[in-house]
Amino acid sequence: MENETSKIVPILPVPYSRSRQAGEAQDMLDHIVEDFQDNPQSMQYFYDLFRSVYCHGDEVKHEGKLVGTTCIHAPEELIYAFGATPVRLCNGSYHYDQKGADFMPAKSCSLVKATLGMLNSDNVIPKIGKPDLIVNPTTCDQKKKSSVMMEGMGYSVYDLELPNVKESEAARVYWQRSVRQFAVRLRELTGKKLTRKNLQAAMAKTSRAQVAFRKLHNFRLKSPSLILGKDAFLVTNAYFFDDIERWTDAVEKLNEELAQREQSGFKAVQSKAPRVLFTGSPPIFPNLKLPLLIEEAGGVVVTDETCSSNRMLYDMTAVDEWLVHDMVDSLADKYLKPCTCPIFTRNDDRIRRLLDLVKSYGVDGVVYQAFAGCQVYEMEYRSVADAFNKAGIAMLYVETDYSVDDKGQLSTRIEAFLESLKNRKKHKG
Amino acid sequence: MIKLKLSAFVALALLSLNSFGEDTPVAPKRYGQGAGRPSEAQIAEWRAKRAAASEQPARGGAADMAGMPGMGAMPGMSGMMGAPDKPKEYGARSGRPKEEGASKGGRPGGMGMRGGALWLSETPPMRGDGARSGSSRGGMGGMGGMQMGGERGGVAKKRLWLRAGSDPQKSGFAQDDAEAEVATLLVTPNGNPEGEALPAADDSHKGLSFEMPVQGFYRLYLTSRKLQGDTLNVAVAKAEIANIGHGGDEEEINKALVAQRVLESAPIEIVRERKPDEKRFFQLKSGEEQAFIVLQKGLPVQGARVRFVSYQGWSKEAVSDEQGRVSFQIIRDYFPPWNEFEKRFKATYLLIADVTVAEAGTFKEQPYSNVRYQTTLTGNYYPSPDDYASYAWGLGIGTLILLFSGTAVYLYRRRRVQPYREVRFDDAK
Amino acid sequence: MIRQNNSRLQAIRDAVNQVHFNRFRFWFQLLAFALFVYGGYLAIDFGSRLPFFSCGYNQEGRAGVCYLLPLQHQLSQPWPRLFGFAGIAFLTGLLTFALWFIFLNKGWCGFVCPLGTIQDWLTALRRRMGIRYSSYSHTRFEQLTKVKYILLALMILIPLGIGGGLFSHSMSPPFCLICPARMILPLFTGDVTQFTIDFSSTAALVMTALGISVTALFLVGSFVKKRFFCFFCPMSALHYLISKPALLKLKKDGDKCTRCGDCYTVCDMGIREIADDVTTKNIMTDDCTLCLKCVASCPENGALKATFAGIPIFESTEAGFIKRMNKGNKM
C-alpha cells in the first residue's frame with residue numbers, strides 16, 4: 001500500500017500571465033487605457049502589443065541575429081544593415097528592478113538594475129530570445145560596469161566606446177572609429193558584408209520610422225493637444241522591441257487618425273490643461289508612472305527630452321555621398337553630435353534643446369524626473385533649473401524609482417504643481 | 001573644330017617630344033607646313049641676297065646657304081639656349097658699313113629721294129651696332145601684351161620717320177630732294193575714306209606725327225613724284241598703325257576691323273591680307289605665311305615685283321599673280337643668347353613693290369614716256385611661340401607631377417594607417 | 001485677398017524649400033559653366049571685373065574675365081602711373097568688382113565659378129567610381145586655411161614689385177600663371193596653348209613650370225578632396241574681406257540648432273563652425289563657398305537659411321530634408 005503522501009506533487013509553475021510581473025504591466029496598461037476616454041483607435045495596436053508581450057508573455061519574433069542594445073548610442077542602422085535585428089534592452093519593470101538589486105549598490109539607477117535583472121532571469125520579458133550580442137556603449141558609470149556582469153551571465157558583450165566629451169574634434173574622430181570597429185564586430189557576428197545597398201536600405205528603414213515619429217511629434221505641437229503623452233510614450237517604448245516596419249505602419253496609421261482629429265477640431269484635453277515638458281531619466285513601460293500621474297491630474301505631456309522617446313528617434317542622418325564610408329561616418333555623427341545625454345562633460349546642448357522645446361511647444365511647466373541613483377541626471381538638475389529659472393519657466397524636480405510606493409505622495413506634488421501652472425496661466429492670460 | 005585642335009596638340013607634342021629625345025635637329029616646323037622640312041627649291045629661293053648691298057664684300061657670305069638663319073637650327077630650345085648655330089656674319093655686325101652712304105645697287109634703288117626706297121618707320125635709324133630694344137610695346141597691329149584699357153592718359157600720338165633704303169634697321173633718314181613733289185595723306189577711322197593731308201609737323205622735318213583720337217586703323221601714305229629722264233618715278237610709302245586697346249567702345253573696334261583698307265586714289269599700294277580668324281590684337285609671328293596684295297587705284301596689279309626684307313636684312317622676291325597677290329613666309333632671324341631672348345621682340349619687315357608701265361604724260365611740264373611705280377609697306381613680326389614654348393616640357397612636367405602626386409596620395413591612403421582610421425570602406429570594385 | 005497672396009507665397013516658399021537641391025545646383029552650375037566658358041561665342045561679355053574664375057586666357061569662349069587678371073595687371077604698372085592717374089582706374093575696377101561680388105556674395109564660388117564646377121564634376125566622377133574622399137584633420141584645416149591669405153598677399157605684392165622694377169615682367173600676372181584655371185578652362189574651347197613651358201626667360205620658365213605643376217596637383221587634389229582648390233583660392237580670401245555688405249547671406253538660428261552635424265557632414269569645405277557655432281548669426285566663414293548644401297541638409301525648420309537682402313529665399317525645413325535625404329524611401 002502506498003502512502004499517498006509520498007507521491008510527489010510537482011509545484012506547477014504559475015503561468016506568466018498570472019505572475020506579479022505580468023500584474024504590474026497589466027495594472028499600468030489598464031490605467032493607460034481605461035482611465036482616459038477618447039483614446040485614438042489606432043492606439044489599439046500598441047495596447048494589444050503591450051498586452052500580448054508584457055501581460056501574456058508572448059514571443060517577439062525577429063529575423064537574423066539578435067543584437068541587444070543598452071543605449072540609444074548603438075547605431076541600429078548598422079545592425080539592420082548586417083541583417084541582424086536590434087532590440088533595446090533597457091527595462092522599466094519594478095520586478096526586474098528588484099531582481100537586479102543584487103548586482104548594484106543599494107542606491108543605483110532602477111533602469112540599470114532592471115536591465116540586469118531581466119537579463120539574469122530565466123524568463124526574459126519581453127520574450128525576445130537570447131541576444132547573440134549585447135552592445136553596451138560606454139555611457140554612464142553604471143552602464144559601463146554592467147558589461148562585466150552581463151558577460152558573467154553568459155552573454156557576449158561588445159563595449160562600444162563613447163567619448164566623454166562630444167565637442168572636440170578628437171571625440172568625433174574617436175567615435176567614428178568606434179562605430180567603424182563596431183561594424184567590423186558585426187561583420188564577424190553575422191558573416192555578412194557591409195555594402196552600399198544594405199546600409200542604404202537599413203538607413204531608409206530607420207529614416208522612415210523617424211519620419212513617422214517626427215510627424216507624430218509635430219501633431220503634438222497643436223494646442224489643445226490631439227494626443228496624450230502617455231500614448232506617445234507607449235508608442236516610442238514599442239520601438240524598443242517591435243518590428244520596425246510594423247511599428248512604422250502603426251505610427252503612420254496613428255498619424256492619419258491624428259490628422260483627422262485635427263480637421264474635426266478634436267480636443268484630447270481641456271484647453272486650459274497645463275502643457276508639460278517631460279525631461280530626465282527615461283520612462284519605460286511599465287514604469288510610465290510619472291507621465292501617467294501628470295495626465296491623470298489634468299495636465300498633458302506635450303513633448304519630452306528623454307532617451308526613451310524624443311532623443312531616440314528625433315535626429316536624422318544626412319549623407320553627402322552615399323558610399324559606405326560616408327554613410328558610416330554620417331551615422332556616427334548623428335549618434336554623437338546632437339546627443340543631449342547628461343553623461344557628457346558639458347551639456348549646453350541639452351539646455352538649448354529644452355528651451356527650444358518650451359518655446360515651440362508652448363510649454364507651461366517642466367517635470368524633471370531623476371531616478372534615484374541616476375547621478376548624471378541628479379547632477380545636471382542644478383544647471384537646468386537655473387536655465388529655466390532664468391527663462392521664467394516653472395520646473396518640478398522629481399526623484400523617484402520604479403516602485404509604486406511613492407505614488408500617493410507624487411500625485412499630491414504633481415497636482416499642486418499643475419495647479420500652480422494653471423494659476424500662472426490665468427494670471428498671464 | 002576642338003577635335004582638330006586637340007589632334008594638332010597631340011601631333012605637336014609628339015613632334016616636340018621627338019625633337020627633345022634626340023640630338024638630331026628637326027627642321028623648323030614653320031618652314032614646312034606639312035612637309036616638315038624646307039625643300040631644296042625653297043632653300044634656294046631663300047638664298048639670301050642682301051638688299052641694295054649685293055656687291056658689298058663684307059656680306060658676300062650671306063648668299064651662302066649655311067648662313068641661312070633658321071636653316072638647320074631647331075626652332076626649339078637648342079636654338080634658344082645659346083647654341084652656337086647663329087650665322088657668323090650676324091655676330092659681326094659692327095663692321096657693317098653704313099648702307100645709305102653706299103652706292104646704288106644693281107637695281108635702281110633711289111627713286112623719289114636719294115638713298116633707296118622710301119618707307120615709313122616707327123623708329124629712327126639705329127646708330128652703330130647698339131641693340132635696339134625689341135620689347136617696345138604696342139604698335140603696328142600688335143597687342144603688345146595684355147594691357148587692359150582705360151589706363152592711358154590723353155590722346156595717343158604716333159610719330160613716324162621717313163627713311164630711305166632697304167635695311168629695316170639701319171637705313172637712314174630720307175634726304176630732302178628739291179626736285180621731288182611730295183604729298184602726305186592720312187586716312188583715319190572716322191575721317192574721309194580718301195584721306196586728308198597730314199597737318200604740317202611742328203618740329204623736325206623728319207618726323208611725321210599725328211594724333212589718334214579714336215580706336216581703329218590709321219594709314220599714312222607719303223607719295224613722292226620725281227622725273228628721271230623719260231621715266232616718272234612714283235613712290236608711295238605706306239604705314240598702317242593700329243590704335244586698339246583693351247576696353248573701349250566695342251562697336252567702334254568692330255567697325256574698325258571691317259573698315260575699308262584700300263585707298264582708291266593711291267597710285268600704288270600694298271595691303272596686308274588679313275587672315276579670316278584675325279582678332280582685335282594680331283601679331284604676325286615668324287614662321288607664318290603672310291599674303292600681301294599690290295593694288296593700283298584699288299585694282300590688283302599683276303606682275304609687280306615684290307621684295308620682302310626681314311629685320312636682319314634677309315630678302316626674298318616674288319611676283320604678284322593675277323589677283324595682285326603675293327605671299328611670303330616670315331623668316332625667323334632672331335637668334336639671341338638665351339638670357340637675352342625676349343619673346344616680345346618686335347622686328348620690322350619691309351616690303352617693296354615695283355611696277356613699270358609705259359605711260360606717257362607730263363610732269364612739271366616735262367614729258368615722260370614711262371612711269372615706274374614703287375611702294376613700300378612696313379610691319380612688325382614677333383618670335384613664334386614655338387621658339388620658346390614647349391608642349392613637351394609642359395606635358396612632361398604635368399604628367400610627372402600628376403603621376404607622382406597621384407601615386408603619393410594613393411599610397412598614403414592605402415598604406416598609412418592613421419590611428420582611428422584603420423578601418424575603412426571602399427566601394428570601388 | 002492678402003491672406004490668399006500670403007498662402008500663395010507660402011506655397012512657393014515650400015516648393016523652393018523642398019527642391020531637390022543637388023539636382024538644381026548641378027543644372028545651375030552647368031548652365032553657368034556653359035555661359036561663362038562658351039558665352040564668348042555668342043558675343044556675351046560681362047566685362048573684366050567678375051568675382052570668379054571666368055578665365056581671361058580662355059580668349060575665345062569666355063563671357064567675361066576674372067577680376068584677378070586685370071587686378072594684377074593694374075598693380076604691375078609702373079608706380080608713378082599706378083599711384084597717379086591709373087590709381088583711379090584701379091579704384092573704379094575694384095568698385096565694379098565689389099558690386100558684382102555683393103550681388104551673390106560667395107555664391108559665385110558655389111554656383112557660378114567654372115573652376116569650382118569642374119571640381120564638383122571631378123568629385124562626382126570619384127563618387128561614381130566608389131572611391132572615398134579625403135579630408136583634413138582639424139589641425140591641418142586650421143593651418144591650411146591661412147594659405148589663401150598668403151596667396152592673396154603675394155598676388156598683390158608681386159605685381160607691385162613688378163611695377164616697381166623689383167621683379168621680371170615675365171612673372172606677370174603671377175597668380176594667373178600658377179592658377180589651374182588658366183590651363184584647364186581654355187581646354188574646354190580646344191585651346192591647348194597654355195600647356196607649354198615658356199623658356200623665354202628664367203622667371204617665365206619657373207612660373208610656367210609651377211603653373212603646370214599646380215594644375216597637375218589640382219587634378220589629383222580635387223579628385224580625392226572635395227573643392228580642393230577653393231581652400232587655397234585667393235579670390236575666396238578677397239571675397240571674405242569685402243563680404244560684409246553682400247546681399248546674399250547665410251544665416252543661422254542657433255536656438256533651433258541641435259548641433260547634429262548634418263551640415264558639417266555634407267560641407268564640401270569641411271567647415272566645422274556651421275554645425276558647432278550656435279551664437280553667430282551670419283555663419284558664412286572665409287572658407288565657405290556658399291553652396292547652400294548645409295541648408296539643404298538641415299532637418300530643423302529655419303535653423304539655417306539663405307537670405308537675399310534680408311528676405312529668406314531658401315530655408316532649412318524638416319519636409320525638405322526628408323524629401324532630399326531619403327534614399328530608398330519613396331515619400
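**Exercise 1. How many residues does the contact take from chain A, and how many from chain B?**

Let's work through this predicted model one step at a time.

*Step 1.* Start with the head count: chain A brings 13 residues to the contact and chain B brings six residues.

*Step 2.* Next, look at where the residues of chain A come from. Helix 7 (169-190) and helix 13 (324-336) of chain A each supply at least two residues of the side that touches chain B. Helix 7 of chain A gives the most to that side, with seven residues.

*Step 3.* Now for the area. The size of an interface is often given as the accessible area lost when the parts come together. Here chain A and chain B bury about 960 Å² between them, and 62% of it is on carbon and sulfur atoms.

**Exercise 2. Classify two of the aromatic pairs in chain A, and say where their rings lie.**

*Step 1.* Searching the whole structure gives 50 aromatic pairs over all chains. One of them joins A:Tyr54 and A:Phe241, at 6.0 Å centre to centre with 65° between the planes. Planes over 60 degrees apart count as edge-to-face, and that is the class of this pair.

*Step 2.* With the buried limit at under 20%, A:Tyr54 is buried at 6%, and A:Phe241 is buried at 7%.

*Step 3.* Repeat for A:Phe371 and A:Tyr402, which are edge-to-face at 5.3 Å and 90°. A:Phe371 lies in strand 7 (residues 365-371) and A:Tyr402 in the loop between strand 8 (394-400) and helix 16 (407-428), so the pair ties together parts 31 residues apart in sequence. A:Phe371 is buried at 0% relative accessibility, and A:Tyr402 is buried at 3%.

**Exercise 3. Which ring does the charged end of A:Arg353 sit over?**

*Solution.* The ring belongs to A:Tyr314, and the charged end of A:Arg353 is 4.1 Å from its centre. In chain B, the charged end of B:Arg274 sits over the ring of B:Phe217, 4.5 Å from the centre.

Notes
Residues numbered from 1 in each chain as written. Chains lettered and ligands numbered in written order. Predicted model: local features only at pLDDT ≥ 70, side-chain atom pairs only at ≥ 80, totals over all residues. Heavy atoms only, no water. Phe/Tyr/Trp six-rings, centres within 6.5 Å; stacked < 30°, edge-to-face > 60°. Buried < 20%, exposed > 50% of the residue type's maximum accessible area, 1.4 Å probe, protein only. Helix = DSSP H or I, 4+ residues; strand = E, 2+ residues; numbered from the N terminus. Lys NZ or Arg CZ within 6 Å of the ring centre and 35° of its normal. Contact = heavy atoms within 4.5 Å. Buried area = accessible area lost by both parts, 1.4 Å probe.
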